[in-house]
Amino acid sequence: MTLTSTSNLNFRAEVLKRLNTPGAVRPLSQSALKLMESLRMPESNVLDIVGLIESDPGLAVRSMALANSPLYGHSREINSVRQAVVIIGRSALAQMAATYATQQLFCDDASGNTMIMQLQAELFHHSLGCGAVARALVEHLSDVDDDEAYLSAILHDIGKLVLMQCDPAVYECIVHQSSTEPIWRLEHERLGITHQEVGALCSQSWGLPESIVLAIKHHHDNPNEVQHPEIVALVSAANQLAHHWNLGDHRTGQKPEGDVDGTFPDEFPVIGISSEHIRLSRAVAHQYYDELLQTCGTG
Ligand SMILES: [Fe+2]
Ligand SMILES: [Fe+2]
């Protein structure tokens, strides 16, 4: 292992300082988090959910757009949040809230740096791709919560967003070099910190459940050696399959972001995902990805 140099220690200290500075890293939408929490509680009713959605204009607009989209095939226009909530249903609303919260993190890069904007766009599409695969895979599993799986998957590389904002030029070099070497190894060597560690610290500061924090922290590690191995293995599998199926990889002819570890496996025994499950999930994941692009307005 390469020894961490003084400059790397400085970079690491800078990142940690940034994470502890209020406002330096965009917070995860509290209204979306409250909505997800309320949707999980069986005792919450439609009025509770409508109230939470209406408290955030962005969520209200997103829910109306989703209810009026071809996904739900309504011939007449849905013009109230209440109608939208009834039509969309709890599960899809939770996914909408998680996607909305993640998309907010990628919005409005104040620097106007085109390099960062491009890297962010690529990362956002990869996040959606991973979320779509996780959603497809989790249908075959009983030990992993659907909403936690989806949120973990779309946030799994969020640490990269923080690292690229800290030093766009260095991070762009790392991304380019990662076609031949795992990106987390390059981050460790050149920055003294990895995107998994940064992502875990962010998700911890947002108050996300431990299972999600650990899924983000260990998505490049052996799931058998960590806590919550099922969700860790699921996010790791979704990450690898998203790359393998080119879901969210918009750069043709390039190996995407060096985020895949070793040889691609044809099954994931830790979570009981067989090669047959993978085969069945492929078309479903592509369908979910296309739907996500539509609902995010990036299709
Ligand atoms: Fe990663
Ligand atoms: Fe990834």
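The model is predicted.

Helix α14 spans residues 229–244 and contains 16 residues. From its first C-alpha to its last, α14 reaches 22 Å. That is close to the 22 Å expected at 1.5 Å a residue. Of the 16 residues of α14, 14 are buried, so the helix is largely enclosed by the rest of the structure.

Most residues other than glycine have a negative phi. H228, in the loop between α13 (210–217) and α14, has a positive phi near 50°. H228 has 21 other C-beta atoms within 10 Å; the cut-off for a buried residue is 20 or more, so H228 is buried.

Helices α6 (residues 90–105) and α8 (residues 146–155) form a pair. Their axes come within 10 Å and cross at roughly 20°. Angles under 35 degrees count as roughly parallel, so α6 is roughly parallel to α8. The crossing is right-handed. On the α6 side, the contact involves S91, A94, Q95, A98, T99 and T102. These meet D146, D147, Y150, L151, I154 and L155 in α8. By class, the contact has six nonpolar, four polar and two charged residues.

How values were computed: Residues are numbered from 1 along each chain as its sequence is written. Chains are lettered from A and ligands numbered from 1 in the order in which they are written. This is a predicted model: local features need pLDDT of at least 70, side-chain atom pairs count only at pLDDT 80 or more; totals for chains, interfaces and linings use all residues. Helices (H or I, at least four residues) and strands (E, at least two) are DSSP runs, numbered from the N terminus. The expected span of a helix is 1.5 Å times one less than its number of residues. A residue is buried if 20 or more other C-beta atoms lie within 10 Å of its own, exposed if 12 or fewer, and partly exposed in between; C-beta atoms are placed from the backbone. Axes are lines fitted to C-alpha atoms, for helices over the stretch in contact, and angles run from 0 to 180 degrees between N-to-C directions. Angles under 35 degrees count as roughly parallel, over 145 as roughly antiparallel, 65 to 115 as roughly perpendicular and the rest as oblique. A crossing is left-handed if the near helix is turned anticlockwise from the far one by less than a right angle, and right-handed if clockwise. Two residues are in contact if their C-beta atoms, placed from the backbone, lie within 7 Å. Ala, Val, Leu, Ile, Met, Phe, Trp, Tyr, Cys and Pro count as nonpolar, Asp, Glu, Lys and Arg as charged, and the others, Gly among them, as polar.
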